[in-house]
Amino acid sequence: MDFFSEIIGETVVLGIDSLILGFCVKQLSKCKHILNALQTAPILDIDSTLNTEINKYSDHVIPYVVIRGLVKPLGNPIVSNYNNTVTGVIQRLTIKEHVIARTSAGFWSDQTRTIHEVCNATPFVLNNGKYSIEVVDALAAELLDLDVISDKFEPMSPGVIDHVWGFFSGVRQRGLQTMEEMLRDGSYITAIGELSRTNTGALKIQPPRDGLPLYLTTATKSSLLKRLASSRDFLRILLVVFGAVAVLASGRVAYKYLKRRKRRQLEDSLKRQLAAGRKERRAHAREKNLTDVQLCVVCSENPKEIILLPCGHVCLCEDCSENIKDNCPICRERIEARAPAFIT
Ligand SMILES: [Zn+2]
Ligand SMILES: [Zn+2]
């Protein structure tokens, strides 16, 4: 068995493990980056001081800032599909299919699949009295806290055919969930992003240019920081766990390699011992008084014992024959086979 097939299990584990490790490292560095940026991000009020504050930064851009205010649509708000007294600026409609599906292990488990999702948005500002900031590209927010306006589940009552079909296909329908979520008009939210002032003097907050996320959330800065810190800690634990798996798997590969080398060395030394033993036995069995013609052409000591094929020369003793691999020493023809020769 070659070495690779001996360590195929460890190789697969190492491959998958390094993919997960790579993902964790990337997520962790992203998480730390956001955490640092958020810790130093100033919390500003939407009032007359905002313009003075923004003047302190070059190009009138504050890279990352925390701002709280009331959501106010710039035009007509979106009216809820399910409750016409509710209006908002972002609406998300989701249809999810609930199924019981057979897993690869053979168990049945509840699963949900999103089969349809629509987002609508209308331009809006964060407002405080007569001051306001436009929120640009709100749908690109990494965290978008929406209120659930309606959440309905319609169960399906399966017939006999559905049961039979479900048994063979491995999927049984349970029902459809229709959900409507909205960022309501007038709700008080925290926006975290890049704040800038356009040439016309209007203020806007948008997803930052250097890859930091835009947040539109009901949470405060400190609770967001806590959330980020706990996901950072979780990623660290994952790193330790998967790092340990990598160390263990590499350790096993190294152990198997050393074990295999030791076994090879033992086998080789055993082979050498056997060969030496054979050589000695041959030496004892050989006739001592030989004429020159009967002696091996290489060592001139032992009798000629081997016939080389296809040339047919009998010119070597068994010991010398082991060292001559390619060509006959008499005629230089390629040696394809050899056999013991008995000269009586
Ligand atoms: Zn010889
Ligand atoms: Zn020959």
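A residue is called buried if 20 or more other C-beta atoms lie within 10 Å of its own, exposed if 12 or fewer, and partly exposed in between, with C-beta atoms placed from the backbone. Keep that in mind for the exercises. The model is predicted: local features need pLDDT of at least 70, side-chain atom pairs count only at pLDDT 80 or more, and totals for chains, interfaces and linings use all residues. Residues are numbered from 1 along each chain as its sequence is written, and chains are lettered from A and ligands numbered from 1 in the order in which they are written.

**Exercise 1.** Find out whether D59 is buried or exposed, and look at its backbone.

*Solution.* Step one: find the place. D59 sits in the loop between α3 (49-55) and β2 (61-73); helices (H or I, at least four residues) and strands (E, at least two) are DSSP runs, numbered from the N terminus. Step two: count. D59 has 7 C-beta neighbours inside 10 Å, so it counts as exposed. Step three: check phi. D59 isn't a glycine, yet its phi is positive, about 60°.

**Exercise 2.** Describe how helices α2 and α5 cross.

*Solution.* Two packed helices are described by the angle between their axes and the distance between the axes. First, take α2 (residues 8-40) and α5 (residues 221-285): their axes come within 8 Å and cross at roughly 155°. These axes are lines fitted to C-alpha atoms, for helices over the stretch in contact, and angles run from 0 to 180 degrees between N-to-C directions. So α2 is roughly antiparallel to α5 (under 35 degrees is roughly parallel, over 145 roughly antiparallel, 65 to 115 roughly perpendicular, and the rest oblique).

Next, the hand: the crossing of α2 and α5 is left-handed, meaning the near helix is turned anticlockwise from the far one by less than a right angle (clockwise would be right-handed). Then sort the residues of the contact between α2 and α5: 23 are nonpolar, six polar and seven charged. Here Ala, Val, Leu, Ile, Met, Phe, Trp, Tyr, Cys and Pro count as nonpolar, Asp, Glu, Lys and Arg as charged, and the others, Gly among them, as polar.

Finally, zoom in on S231, a residue of α5. S231 is partly exposed, because 15 other C-beta atoms lie within 10 Å. The C-alpha atoms of S231 and Q27 are 9.6 Å apart, though 204 residues separate the two along the chain.

**Exercise 3.** Work out the strand order of the open sheet of three strands.

*Solution.* The order is β15-β14-β16, with antiparallel pairing; strands pair if DSSP finds at least two bridges between them. At the edges are β15 (314-316) and β16 (337-340), each pairing on one side only. From one strand to the next, the twist averages 45°. Now look at β14 (residues 306-309), which is antiparallel to β15 over two bridges. One of the partners to look up is V314 in β15, bridged to I307. Last, follow the loop between β14 and β15 to P310: the peptide bond joining L309 and P310 is cis, with omega about 10°.
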